[in-house]
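Subject: Structure for your review

Dear colleague,

Please find below the structure that I am handing over to you. I would be grateful if you would read the notes that follow with the structure open beside them.

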Amino acid sequence: MLLRLVPEFELRRDVLPWLAERGCAAALDTSENSSALYVVNVERNGKIIYTWKENQRNTHIGLYDLQTKQNEHLYMFEKNLHIISCSINNERTLLAVSFCQYTEEERATQLLQSVSKYLTLLIEIHPINNVRVLKAVDSCVRVQFLYPVEDRNASRESRLLLVSEDKYIEQFDIHVVAEEHKVVIQKSGQLPRAKVVDDLVWAQWDMMEQRLFYIVPKESKSTLRCVQFYPEENFISILESHLDIALNDTQLKLVNFGYDYCQDQDVASKSLNLQVFTSKAGGLCVCCSRVSDIPHEIIYSIYFLHKGYNKTFTVSLERAESRQLKEVAFMNLDYYVAAYLPGQFLHLLNIQHPDMLCYSLFLTGEDARIDTLQNCSIRSPWVSAVLDCNAGSLFDVSISDSALLQLLEKSKRDCERLAALHCALLYFQYTEDLEMQIIRWISENLSTCHSFDPIQEFIIASLYCRMCPETQNLDKLLPYTSLHDWIGAVPGVICATDIISLPVLEFQNSKGFWEKLNSNLESVKYAEPHLHYHSKVLRREWRNLSEEMVAQLKDHLMRHLQYVGKKKIDQIVLDYVANLLNLVHRIMKEVWRRYQLHSCIFCFDERGSAAEFAVFHIMSRILEAANGMCMPLPPGFHTLHLGLGVRCLPLHTLLHYIDNGILQLTETCVRKLLKDLDDTEQNEKLKFSIVMRLPEALGQKVRQYWNHPINANLIARKYVKLLLEKLGNRQCSRPIPERLSFPVEFLPLNYLTNMLAEIENQGVQPYEKQDHVNVRFVEETALKHTMTLLGLKYS
């Protein structure tokens with residue numbers, strides 16, 4: 001299973017044994033009566049509130065602490081009640097409870113028309129003392145205490161939200177005083193209250209960040225708003241966004257305001273399934289699904305508000321019965337949003353880079369199976385958490401690295417491979433073992449990926465993950481992929497993209513998530529795609545890559561990160577290049593270890609093995625990837641590559657690779673080749689072919705290591721050419737001197753040697769540092785070469 005679920009809390013495991021010790025378990029049979037024991041709410045500090053009934057007479061409320069793993073009995077009603085909502089304050093001194101006093105049948109038979117159906121109470125519970133009625137109405141009410149920042153001293157004030165089915169939310173301010181070892185509500189008449197929002201049709205509570213998202217209808221569209229609650233201040237309206245979502249406004253839909261199964265399931269069948277997710281990097285997503293008019297078709301949308309567009313997915317289901325179709329469940333995995341339909345599909349969508357469909361991982365069949373989540377009564381109360389409301393189980397949810405690797409290895413589709421590769425690098429940052437396994441997969445699948453270069457994607461994605469957490473907004477300036485377009489599609493899924501208006505933020509000098517969201521929105525306003533650093537800008541400077549790659553990257557960052565400072569940017573660029581070279585080194589190290597290669601590759605007197613040829617092929621692909629991205633390679637790469645090429649390739653192929661720039665002649669490798677190889681006919685041909693292709697500067701350094709007539713002849717030719725080039729149109733001012741060596745009856749040679757001697761006497765020395773190159777050397781070399789061609793013996 002791709003998603004790993006670890007049970008943090010289970011009613012059967014964590015509560016039933018405790019109830020059994022209290023003598024209450026005999027009355028509980030969760031297999032037949034799910035309403036006998038169920039979770040009511042999950043608070044910000046990890047406290048889980050649940051309720052159970054004892055012999056259909058008493059209704060109890062209990063609390064489970066995720067940190068201490070302990071249960072606590074909070075309160076008991078001596079009546080069979082249906083608890084709708086319950087919340088406890090941070091100091092655990094006050095309990096707010098909303099419940100239904102009777103059913104419609106009871107109201108009809110007992111003539112209770114004058115009695116309110118729903119009652120909302122505020123109870124002092126440490127110790128149990130006074131009970132105050134907050135609401136007595138015929139409409140359902142949900143309650144939720146606000147929680148201050150962590151590690152704050154106990155407060156004498158608690159704030160409570162009341163959410164009414166009549167589509168309004170208000171806040172109560174509750175002041176308490178300490179009296180004789182107990183905490184009681186300050187008696188001052190009615191509790192101060194303030195209207196938070198009115199006329200809403202949907203609301204979601206973000207318990208971790210203390211935010212209220214809600215939707216109000218506005219003409220043909222809907223408006224999403226957010227209220228931020230602060231511990232020392234009043235609530236502030238902070239966001240507004242217009243959404244093209246048609247909401248059924250006949251009934252209020254609530255998310256994360258406790259869990260009333262009977263009512264939630266009834267509302268879910270009539271209204272839109274919608275949730276809002278935020279991410280640490282400033283991502284804001286609205287996820288919703290709606291019923292399609294076409295049988296066996298599921299439609300869901302993700303509004304990437306921080307990017308300014310919406311993606312709507314239409315999935316055609318195979319062999320699905322109508323009764324099996326349920327609503328899509330959404331889960332927040334921080335870097336990803338998961339859309340899950342039990343028994344059908346699991347769709348992971350990248351929040352940071354949702355613009356390309358290839359970064360979405362869509363799985364079906366066994367790959368999408370999650371054994372512990374077989375129903376859709378699922379909520380994601382906070383990041384990487386899932387609450388199965390029906391089963392009463394809270395899970396820590398994460399992506400399984402082993403399952404992701406298995407998917408990467410067995411998948412035959414480029415879209416799945418690419419998405420899995422990026423998911424592994426983005427989600428499991430700095431995991432060395434996983435990175436090495438990915439390198440191993442890349443080395444085995446270089447020729448199977450047709451739509452992308454896995455080496456390029458690995459290097460760029462790894463650099464992105466290493467560099468971007470260090471500096472704000474750096475993720476918008478560095479490349480995260482080598483692809484700029486993706487024409488592939490996910491089989492069975494139709495995706496439509498629509499541009500939407502950006503949210504409006506109404507705040508100043510806000511920190512944390514809102515600051516990052518604002519930065520994302522500013523990037524979109526100023527054409528974010530043009531901010532990314534593409535390697536194309538370097539192609540014109542390919543010849544000066546060793547100097548210009550760093551300079552141009554530095555200029556790019558300076559233009560958009562002016563507030564960071566030159567010193568910091570210099571360090572970022574140096575770290576970027578260092579990480580890049582280290583990544584290539586890690587690839588080489590892993591490949592070298594896997595194929596068990598060692599320094600024998602520099603023994604040129606024998607041919608390479610199959611393992612060496614495999615490594616040579618991988619190094620060629622690394623070079624191709626680096627050239628395509630205009631990125632440097634670590635020192636020694638070209639020497640190793642050439643050494644393997646000499647051992648593994650036939651001569652004509654080797655020369656072809658050299659002529660086309662795939663293999664680069666390095667001083668270290670060429671010098672060793674000229675010194676170590678003997679002068680057999682085959683080796684002479686190899687050496688001569690190499691020497692003839694050496695750049696002039698490199699040739700002057702290494703030719704002296706090959707003591708052979710062919711090399712001597714080449715040196716003499718180069719010497720004469722340089723002398724004559726430097727002479728130009730100069731005239732010899734003195735008569736031709738006596739010949740400098742033994743007589744040769746070959747007049748052209750006599751004339752040439754005399755002229756060269758005159759030029760030397762005039763101080764024109766092309767090879768000043770090579771004393772053995774002079775006119776005499778040229779003359780002797782010419783004689784040897786001529787006699788060799790004539791088949792004569794030279795003495």
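How many bridges join β15 to β16, and do these strands run parallel or antiparallel? In this model, which is predicted, there are five bridges between β15 and β16, and the two strands run antiparallel.

As background, the strands of a sheet pair through backbone hydrogen bonds, either parallel or antiparallel.

A second pairing to examine is the hairpin of β4 and β5. Strand β4 (residues 58-65) runs antiparallel to strand β5 (residues 70-77), and seven bridges join them. D65 has Q70 in β5 as its bridge partner. Four residues lie between the strands of this hairpin, in which K69 takes a positive phi near 60 degrees.

Next, please turn to the largest pocket, which has a volume of about 990 Å³. Its lining consists of 48 residues, and those nearest the centre of the pocket are R44, D206, M208, E209 and Q210. The elements that give two or more residues to this lining are β11 (157-164), β15 (202-206), β16 (211-218), β20 (273-278) and α8 (513-525). By class, the lining has 20 nonpolar, 15 polar and 13 charged residues.

How are α5 and α6 placed relative to each other? The axes of helix α5 (residues 414-427) and helix α6 (residues 432-444) come within 10 Å and cross at roughly 155 degrees. An angle over 145 degrees counts as roughly antiparallel, and α5 and α6 are therefore roughly antiparallel to each other. The crossing in which α5 passes α6 is left-handed.

The other pair is helix α7 (residues 454-467) and helix α11 (residues 610-629), which pack at an angle of about 60 degrees with their axes 9 Å apart. That angle makes α7 oblique to α11. Their crossing is right-handed.

Yours sincerely,
A colleague

Note on methods
Residues numbered from 1 in each chain as written. Predicted model: local features only at pLDDT ≥ 70, side-chain atom pairs only at ≥ 80, totals over all residues. Heavy atoms only, no water. 1 Å grid on protein atoms, 1.4 Å probe; cavity = no way out; pocket = protein on both sides within 12 Å on 5 of 7 lines; lining within 4 Å. Points joined across faces, edges and corners; volume = space filled by probe spheres on them. Nonpolar A, V, L, I, M, F, W, Y, C, P; charged D, E, K, R; others polar. Pairing = 2+ DSSP bridges. Axes fitted to C-alpha atoms, helices over the stretch in contact; angles between N-to-C directions. Parallel < 35°, antiparallel > 145°, perpendicular 65-115°, else oblique. Left-handed = near helix turned anticlockwise from the far one by under 90°.
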